[in-house]
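Please read each point with the model open beside the text.

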Amino acid sequence: MTIPVEDIEGQEPECHKKFHFYDIAQQIVNKMRSEAHSEAHQTLRSYPGNTNKATKAKNAAKIYGIEHPGSTGVIYVMDRAMQNGFTYGDPEWANFGQGAPEVGHIDGCADKPTHIELPIESYEYAPTAGITELRSAVANLYNEIYRQDKESKYTSANVCIVPGGRAGLTRVASAIGDINVGYFLPEYTAYEQMLSVFKRFVPIPTTLEAESNYHIDPDTIRKEISGRGLGLIVASNPRNPTGQLIEGEELCELVKISKERHTTLVMDEFYSSYIYSHPEEENGRTVSISEYVDDVNADPVIIIDGLTKNFRLPGWRICWIVGPESVISSMQSCGSFLEGGANHPLQLAAIPMLDPEVFKNEAKHLQIHFRSKRDYVLERLEEIGIKVNVPPNATFYIWLDLNELPAPINVGLTFFEECLKEKVIVVPGIFFDVNPASRRELFESPCHHFVRLSFGPPMEELVKGLDAIERVINNFK
């Protein structure tokens, strides 16, 4: 039934009262008006690939047959920041948007190499699955840290080296068949492109609630598999952006469920060293689902990780996929037509870093350093007037609920734009509402009143950025 706009905006017809059409239609109009009257939202919609159904035809690609993908959250916010005068290294800016840890010296951590030897053979292409020496080093790391009591061990045949975490996700996505794929909201922004580009599978979201601390528990997983017919689940653990964690018996239970229900788990473990759920005297304890895999070649568990976060080397783009041999063989084939493999010289340079003792020492001192930064940011936010309802117990992110702030800065996109004026960068929460094909209006997003704030930068930058956020809030009091 078509409802005239003039009826919605004026006197409610009697028939609408009877069927409650008026209330529903009024809500739709209000949401459309909210987005249309928000400069921050219209700026986002103006970017290629970020159109909704109503504006897609108007902003269609100029070149026949080519569609522009939407911008991932960090790409969009950094582009907007540069339009507002940001440059990398500018001491006046605080970058809480980039999903990367500080890369400089941290007490106790090993200093990163400034020079590497380049043997002549490293000028050649590396295999699409990576060089055997590095694959063996990754396998040994998991065996020594998580699997000493297991008979089944990972080998180089269980490891594929990839040029970055997104490449790992893309290789996996390109091999997924005609199944239902489950994921949880909010989630890492790059999942949206991965779930949109490959058309064979059906992506099915489940929204996590603040009341449950955004926790993925085994009962929820079991219910989603049964109720939605999921053949594969992809999830970050520790979770980006909420900073929450599945560990211990619950992580063990997930492996059991995946085997019982024949559902593959793809676990993004990039923040496995940034754990604060244990007492400080236990600094150095890390988390991986590999600890609970019984048979490395039969259990349907795939892990994606790398040097990016845990080793603080995001620019190296050296990451890996760990899983059954049959999966790794598939990943090797996918790499041959997707991106061709990772940088050969940096694969060689990465091998010494994967010594298990080096890894444990790095994790210990990372946790001491980042736990201190987390505590400072949480305390300062509360002083400013923003209480974090669900503090992170992992990662270096804070999922910041803006609902208690005055309008219009209680909306993530608007808060982000106002922060740019004070030279601080955050990421609007809507980018973590993994929304393939832009099915929902922005104001309908469960992440609409949030931003993600990273405490990855050095302490002096955190102080400067929080001062800027305080100015934003004071401007609207």
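1. Strands, like helices, are DSSP runs numbered from the N terminus, with at least two residues (E) for a strand and at least four (H or I) for a helix. The model is a predicted one, in which local features need pLDDT of at least 70 and side-chain atom pairs count only at pLDDT 80 or more, while totals for chains, interfaces and linings use all residues. Residues are numbered from 1 along each chain as its sequence is written, and side-chain values use heavy atoms, with hydrogens and water left out.

2. Strand S7 (residues 301-306) also pairs with strand S6 (residues 264-268), and these two run parallel, joined by 4 bridges; here Asp 268 has Ile 304 in S7 as its bridge partner.

3. Is strand S7 mostly covered or mostly open? It is mostly covered, since 6 of its 6 residues are buried, buried meaning under 20% relative accessible area, exposed over 50%, and partly exposed in between (1.4 Å probe, protein chains only). Val 301, Ile 303 and Asp 305 point one way from S7, whereas Ile 302, Ile 304 and Gly 306 point the other way, and all are buried. In a regular strand the side chains alternate between the two faces of the sheet.

4. An open sheet of 7 strands has the order S2-S8-S7-S6-S5-S3-S4, and its pairing is mixed. Strand S2 (159-162) and strand S4 (202-207) are the edge strands, each of which pairs on one side only. On average, neighbouring strands of this sheet are turned by 20° against each other, direction ignored. Helix H12 (residues 325-338) packs on the sheet and touches S2, S7 and S8, its direction making about 25° with that of S2. Contact means heavy atoms within 4.5 Å, and the axes are lines fitted to C-alpha atoms (for helices over the stretch in contact), with angles running from 0 to 180 degrees between N-to-C directions.

5. A further open sheet has 3 strands in the order S9-S12-S11, with antiparallel pairing. Its edge strands, each pairing on one side only, are strand S9 (397-401) and strand S11 (427-428). Helix H14 (residues 356-384) packs on this sheet, touching S9 and S12, and its direction makes about 15° with that of S9. S9 and S12 are joined by 5 antiparallel bridges, and Ile 398 stands opposite Leu 453 in S12. Because 4 of its 5 residues are buried, S9 is largely enclosed by the rest of the structure.

6. Which residue forms a salt bridge with Asp 299? The partner is Lys 259, with the closest N and O atoms 3.7 Å apart; a salt bridge is a side-chain nitrogen of Lys or Arg within 4 Å of a carboxyl oxygen of Asp or Glu. Asp 299 lies in the loop between S6 and S7 and Lys 259 in helix H11 (residues 248-260), so the pair ties together parts that are 40 residues apart in sequence. Asp 299 counts as buried at 5% relative accessibility, whereas Lys 259 is partly exposed, with a relative accessible area of 29%. Lys 150, Lys 259, Asp 294 and Asp 299 are linked in a network of salt bridges, and a search of the whole structure finds 21 salt bridges.

7. Within helix H14, Glu 357 and Lys 360 are 3 residues apart, and therefore separated by about one helical turn. Their side chains meet in a salt bridge (3.0 Å, N to O). Glu 357 counts as exposed at 52% relative accessibility, while Lys 360 is partly exposed, with a relative accessible area of 39%.

8. For the chain as a whole, the secondary structure comes to 16 helices and 12 strands, and buried residues make up 54% of the 477 residues. Among contacts between residues at least 6 apart in sequence, 76% join residues at least 24 apart.

Key:
Pairing = 2+ DSSP bridges.
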